[in-house]
Amino acid sequence: MLQISFKAGIDIGSVMAKAVIMNGDDHVLSYGIRPISGSFARAANNVLTEALEKAGLSYDQLDIVGATGLGASFVNGPHIESANVTCQSRGMNYLFPSVRIIIEIGDQSSRVIKVTESGKVADCVINDRCAAGSGRILQIISKVLQININELGGLSVKSTKPVRFSTACSVFLETEIISRVAEGTKKGDIIAGLHQAIASKILAMIRKVKIEETCGITGGGAKDAGLVEILQETIGKELLVPEEPFITAAIGAALLATEKHNTLD
Amino acid sequence: MEDKKKKKSSAKTLQTAREAGNFGKKILTSAREAAEAGRPVVWAMVDWWLGTTIAKAMGMEICYPENYGALCAAMRKAEPYLDYAEGDGVPNTTCGYARNCIGYTRKLKENNFVIPEDAPGGGMPKPLFLLACGAACDARYKWFQSLGRYMDVPVWTLEFPQTGVMEYFMPGNKKDNITFMVQELRAFVSFLEKLLGKKMNWDNLEAKLDTLFKTHRLAYEVDLLRKAVPSPAVNTDFWALMIPHLYMPDDPEALEYYQRVYDEVKYKVDNKIGAVPNEKYRMIFSELPPWHTLGVFDEYAEKYGVAFAMESWNYHVPSPLPEDEKEKIHDPLELIATYSYHKFNEYAPVALEHRMEPSLFTAPYLKYVKDYRIDGLFAHPLISCRPATYTLMHLRNLLMEKFKIPSVIVEGDIVDIRVFNEEESHAKMEAFIETMDHYREIRKKEGFEW
Amino acid sequence: MLFAGIDIGSTITKVVIKDERSIILSTIRPTGAEHRRLAHEVMRDTLEKAGLDFEQIDFIVATGYGRINVPFADAQVSEITCHMRGVSWLFPNVRTVIDIGGQDSKGIKVVDGKVRNFIMNDKCAAGTGRFLEIIADTLGLKLEEIGDISLRSREPASISKTCAIFAEQEVLLRLSEGASVPDILAGLHKALADRIFAMVSKIRIERDVVITGGGAKNAGLRKWLEERIGFPAVLPPEPLITGALGASILAQEMAAKSVEGDLALKKRARTMEAATFFDDDQ
Amino acid sequence: MTKLKGLARAAQIDKNREERAKEIKAEGGKVAGYFCCYPPLELMTALDYMPIRILGDMNEPLTEADSYLPTVMCCFYRSIMDIAMKGRYNYLDAFIGAHACDGAERVSYIWRSYLKSPCSFYLDIPHTNHAAAIEFFKKQLILLNGELEKTAGKTATAAMIREAVKLHNRQRAMVRQLYGLNRNDPPALSGSEMVQVLVAVMCIPVKEGNALLEEVIEEVRGRAKGPEKKKGRILIWGSLIDDTAMTKLIESCGLNIVIDDTAIGTRSFWVDVDETDDPYEGLAIRYLDKVVCPRTFRDTKNTRREDLDHRFGYMKEMIKGWGVNGVYFNIIRNCDPHGYEIPELRDYFEQMNLPVLVVEQDYATTALESLRTRFQAFAESIG
């Protein structure tokens with residue numbers, strides 16, 4: 001069995017690259033988050049360097065590197081790849097051992113994962129093929145309304161008349177939001193309408209895996225407190241939110257790499 | 001579409017399975033030869049041996065447009081036909097096989113019913129009539145009816161009653177169902193006799209039935225052998241093997257072939273030779289596979305030690321009719337009707353035991369998972385096939401509720417390669433391995449046998 | 001007499017002013033979704049440029065996404081009819097119109113100068129110009145230049161995703177795998193052309209085919225579309241204004257059919273105010 | 001509260017479709033829910049069940065359906081399963097599923113696996129109208145009646161069924177009379193009003209329905225102002241429309257809906273049950289053979305022309321009698337029986353020089369507005 005002093009987990013998503021550095025006792029020492037900006041390889045390299053610098057370590061000190069995400073294969077140097085769902089499960093389990101349902105609202109898709117006590121995937125529902133209902137729309141609305149994603153919540157909760165959108169397509173939604181703004185619809189109503197639409201999608205997904213007592217949320221969408229609140233209301237459970245929702249899969253990637261390495265031995 | 005994805009057919013694990021493709025070729029060549037010799041050709045739906053055996057006994061050659069759809073997809077030549085059909089206004093939500101066939105028929109018509117040079121597998125010749133079937137889905141008679149737009153040939157629709165579970169056990173109902181089917185088969189025989197201007201050859205029909213039952217007996221035995229651990233054959237073998245037993249079980253060549261299949265599988269079982277090296281997980285597949293990317297199952301086997309020990313109820317032969325029941329039947333049409341009805345309803349007792357519906361497409365799996373010691377279901381919802389898709393969520397719920405067996409859902413299509421995301425399927429499988437581990441533990445705790 | 005047609009699209013407003021015989025002036029103003037309620041100002045500016053007074057226009061027809069309630073127009077007609085009329089006026093032999101707009105794509109079958117059949121994409125941005133806009137954005141290129149760049153490709157990359165947002169992800173992957181920008185763009189244009197072709201085929205494509213809308217200005221898209229259609233398509237001098245042109249022609253017809261008193265009444269009822277859109281709350 | 005009458009009452013019932021069913025339950029009566037237009041209402045009425053047509057809800061976002069049905073299936077039946085799982089139909093004493101089409105068949109099964117009612121029957125319906133099929137269907141009806149009797153605690157005599165046949169035939173005759181008023185231009189009744197009236201009579205006991213129809217006919221005949229005159233007089237062909245959101249959209253685009261060939265419309269009312277000695281005989285013939293829907297296969301005729309007329313000819317009468325100048329194909333997404341029919345039927349109408357509009361809709365009110373341009377352009381292309 002490999003003696004591990006330091007390890008890294010890298011998650012190369014479609015929009016963001018994230019890296020975490022952990023020590024042999026699985027403590028997170030540092031992390032980095034960077035936009036992809038057109039190149040997976042470059043972003044992977046940069047984000048790892050950033051995290052290493054923060055931890056005051058050099059690349060050579062890493063004993064093992066785990067990678068996940070769309071661009072995992074573009075990570076330079078030796079690394080062990082794992083599926084994103086598995087990484088999210090391990091990562092969230094590491095942060096919140098009691099969590100049995102993970103809601104992940106990513107940029108391109110949403111997922112609901114059921115996890116075991118040991119952080120393994122017990123079931124999972126993925127919304128793919130069409131980006132309707134993904135976290136992308138939260139980015140779009142932040143851009144259109146020119147507010148930060150974590151400010152959406154404050155506006156949403158004040159809404160009395162949430163907008164009912166006529167489309168689920170994120171692309172068309174953007175236009176619809178823009179025109180609503182132009183017409184003078186209250187920002188809060190627009191955001192609340194959006195939050196409700198996402199929440200009802202997620203609810204349908206949760207129904208498929210059956211709800212459990214402790215639930216958590218991660219991915220970019222977890223940064224939107226308004227969404228989290230509406231989701232809590234819709235599913236009737238409190239949601240645990242990581243301090244930095246972006247890095248949960250990267251943590252999982254580091255943990256899984258070690259796991260896989262040990263079983264290989 | 002000049003797709004850059006590599007063509008990914010499966011290597012198949014059985015020697016005999018690799019030969020099965022010849023039967024597919026034989027279907028098409030025999031039909032073309034018949035057409036050239038001026039003998040009648042029929043296009044028929046898979047009908048679980050209800051009407052096609054009768055038509056064959058009358059000397060007709062049969063082509064199966066559903067199978068042809070799978071062939072075009074496997075050769076990755078379906079797209080132009082799909083485009084043709086959509087262009088004619090058929091919604092793109094309808095069956096991929098149907099759109100492939102509608103597009104093909106339009107092309108055939110435009111070529112004055114001379115088979116186009118570039119037709120995959122040599123093509124299907126113009127039929128004398130179309131033999132539709134009411135079993136399994138609406139598309140399988142509506143699609144043939146819609147071909148009237150391209151060729152003026154009659155359609156005959158075989159009645160295939162669809163009984164509910166509770167209703168199956170109502171006194172007299174099974175008998176009424178079979179009587180109805182027999183009446184309809186008689187009407188079908190009259191239709192054929194009128195169309196061909198000759199009498200039914202009953203001796204020929206009986207001889208064909210005899211061969212059919214023998215072939216099916218072997219196919220059934222092969223299914224039983226597949227319960228062995230490690231699995232002697234897997235789903236990719238089955239999808240090749242099914243051509244002889246589904247389309248031409250009455251052909252002596254198929255019988256001879258199936259004897260060899262049986263021998264090969266038996267040998268593997270006796271010597272504990274697994275189809276998948278290091279079989280770690282036994283999965284079941286439902287319902288129709290991605291014909292264009294069957295090789296993906298070889299990859300799952302190699303990467304994760306997954307053996308697809310069983311699959312797709314619809315295409316398996318049923319258990320043989322009990323001899324005493326069979327002996328009481330003297331009318332070959334009644335025998336046929338009883339057998340086909342048996343295929344669709346033999347799992348009604350299982351459904352009743354679990355207080356669930358329907359007995360088709362779901363109940364068989366509730367038995368399979370026990371018999372084949374299954375760890376997980378691979379559900380493949382199809383974008384264009386509702387019958388093979390309708391019950392998947394329901395089946396997923398049932399397997400979890402009754403047996404603590406998890407499912408992985410990978411969307412795709414039988415024909416349309418554009419909707420199958422291969423990389424995503426691997427990611428899902430990787431996560432699913434953990435899920436299967438987890439439920440193995442749970443099943444152990446709850447006292448399940450496997 | 002003078003007539004005007006205004007096509008209030010989701011992001012661009014177009015105006016055509018016409019007399020009995022020919023076009024006097026046309027304006028194309030990218031209003032953008034956030035400014036589309038300013039359609040009346042585009043109208044006002046156009047009139048100003050032409051040195052005309054609002055009162056001098058005898059009949060105004062509005063069309064497009066924002067046509068539902070245009071206070072300064074006398075009638076509203078769907079963009080399908082307007083495109084068909086505009087194109088037919090320019091090209092009397094037209095049988096098929098393919099309009100590739102920002103929010104939707106459509107095919108129109110023309111028989112004897114009438115809409116015989118039509119088809120539009122629904123619920124998804126996959127087959128629209130917006131698809132290209134998003135990709136251009138991802139690649140940091142201008143929408144106007146991507147068509148030409150795509151023509152430089154020798155081996156189009158395979159793009160299988162239909163959803164614009166997923167395609168964006170695929171583009172990133174292809175880029176990272178080392179595919180060149182022209183190849184990626186060619187793959188995207190080809191994919192879009194395939195989808196548009198599949199849709200328009202439903203109304204049976206017949207010659208002459210005229211391509212309009214923003215997509216018509218994209219040489220790469222035109223190339224792939226023509227390849228699928230099997231023969232060259234006709235391109236209007238200004239593909240963006242056919243809807244507004246059709247509206248102005250219909251304005252002329254409607255004026256001719258109206259009684260004089262009615263016209264005056266209608267004129268008096270007009271106000272130069274913002275238009276109401278389809279998705280506005282009723 | 002004053003008791004509403006006629007059209008206003010119909011609109012009220014349409015808005016609150018379960019109201020009567022629940023009242024009847026509270027009074028100790030029984031309610032039978034059924035799929036599509038194939039389970040004979042007469043058998044339910046004869047045994048004092050109030051028949052209620054099981055419909056979906058275009059306004060309800062789907063949150064439950066995905067757990068039971070994949071997204072590729074019929075949007076209407078997905079909606080039904082969704083609201084059923086939310087408890088909307090928990091009050092049913094009898095559930096009658098039906099093999100009307102794949103959607104109805106599969107949802108019948110799945111419904112019965114999760115939702116249990118005292119009486120539950122799955123009615124198999126043959127695919128053809130052959131003599132043997134009618135005979136078989138008759139036997140199925142007898143089985144259905146047996147199950148209904150068990151829960152009703154009484155037996156249906158031939159006389160009771162014949163009585164019910166009379167009541168329902170009367171209802172059908174009145175509905176036809178109502179449609180007849182739409183032969184005029186402008187039509188006497190808007191398509192939206194028609195939906196309200198027909199949905200209403202499907203949600204109340206037959207006698208009340210007949211009384212309501214009498215009121216409506218009288219009201220419509222006497223009223224000074226009905227729908228405006230519009231250029232388009234259209235026939236709607238397709239599975240069904242059960243929400244006025246859809247008809248109102250169409251009618252706001254310059255189109256009057258004057259007649260239809262749909263399952264909530266004429267298909268349910270166009271033909272009577274023959275009063276045969278054996279009442280099951282008349283029921284089997286009427287429900288299997290005389291109800292028209294593409295789900296029933298009719299044997300190919302000698303020539304193509306004959307075949308098409310045999311399948312679609314009845315609509316020629318509608319076109320002529322109601323002065324139809326355009327046809328709208330209302331396709332609920334993922335409907336196979338109607339989907340395969342589109343190219344042939346479209347040809348058929350276009351040969352009659354009738355413009356055709358085909359729309360595949362998602363059975364959701366939120367997705368309607370985007371269809372407006374299609375209807376408007378269609379209206380502009382008429383005449």
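The paragraphs below lead through a predicted model with several chains, from its confidence values and folds to its interfaces.

Residues are numbered from 1 along each chain as its sequence is written, and chains are lettered from A, with ligands numbered from 1, in the order in which they are written. Because the model is predicted, local features need pLDDT of at least 70 and side-chain atom pairs count only at pLDDT 80 or more, while totals for chains, interfaces and linings use all residues; side-chain values use heavy atoms, with hydrogens and water left out.

The model as a whole scores ipTM 0.89 and pTM 0.92. For chain C, the mean pLDDT is 88, with 95% of the residues at 70 or more. Within chain C, confidence is lowest in helix H1 (residues 32-35), where the mean is 61, and highest in E9(C), at 97.

Turning to the folds, chain D contains 17 helices and eight strands, where helices (H or I, at least four residues) and strands (E, at least two) are DSSP runs numbered from the N terminus. The radius of gyration of chain D, taken over C-alpha atoms, is 20 Å, close to the 21 Å that the globule rule (2.2 Å times the number of residues to the power 0.38) gives for 383 residues, so chain D is as compact as a globular protein of that length. Along its principal axes, the C-alpha trace of chain D spans about 60 × 60 × 45 Å.

Chain C, in turn, has 10 helices and nine strands. Its radius of gyration is 20 Å, close to the 19 Å that the globule rule gives for 282 residues, so chain C is as compact as a globular protein of that length. The C-alpha atoms of chain C fill a box of roughly 70 × 40 × 35 Å, taken along the principal axes.

Some details of the backbone deserve a look in the structure. In chain C, a cis peptide bond with omega of about -5° joins C:Arg207 and C:Asp208, and C:Asp208 has its place in the loop between helix H7 (181-201) and strand E9 (209-212). In chain D, the peptide bond from D:Asp185 to D:Pro186 is cis, with omega near -5°, and D:Pro186 lies in the loop between helix H7 (158-180) and helix H8 (191-201) of that chain. In chain B, B:Lys404 is a residue other than glycine with a positive phi, near 55°, and B:Lys404 is found in the loop between helix H18 (392-403) and strand E8 (407-409).

The interface of chain D and chain B takes 58 residues from chain D and 60 residues from chain B, contact meaning heavy atoms within 4.5 Å. Together the two chains bury about 5,000 Å², 54% of it on carbon and sulfur atoms; buried area is the accessible area (1.4 Å probe) that two parts lose on being put together, summed over both. Between chain D and chain B there are six salt bridges, a salt bridge being a side-chain nitrogen of Lys or Arg within 4 Å of a carboxyl oxygen of Asp or Glu. In a salt bridge between B:Lys142 and D:Glu341, the closest N and O atoms are 2.8 Å apart. On the side of chain D that touches chain B, the elements that each supply at least two residues include helix H5 (102-114), strand E4 (119-123) and helix H6 (131-152) of chain D. H5(D) gives the most to that side, with nine residues.

The interface of chain A and chain D takes eight residues from chain A and nine residues from chain D. Chain A and chain D bury about 760 Å² between them, 48% of it on carbon and sulfur atoms. One salt bridge is counted between chain A and chain D, and the side chains of D:Glu64 and A:Arg207 meet in a salt bridge at 2.1 Å, N to O.

Over all chains, a search of the whole structure finds 100 salt bridges. Side chains of opposite charge can pair when their charged atoms come close. The side chains of C:Glu168 and A:Arg136 meet in a salt bridge at 2.9 Å, N to O, and this pair crosses between chains, from helix H6 (residues 164-176) of chain C, which holds C:Glu168, to helix H3 (residues 136-145) of chain A, which holds A:Arg136.

Definitions and conventions. pLDDT = per-residue confidence, 0-100.
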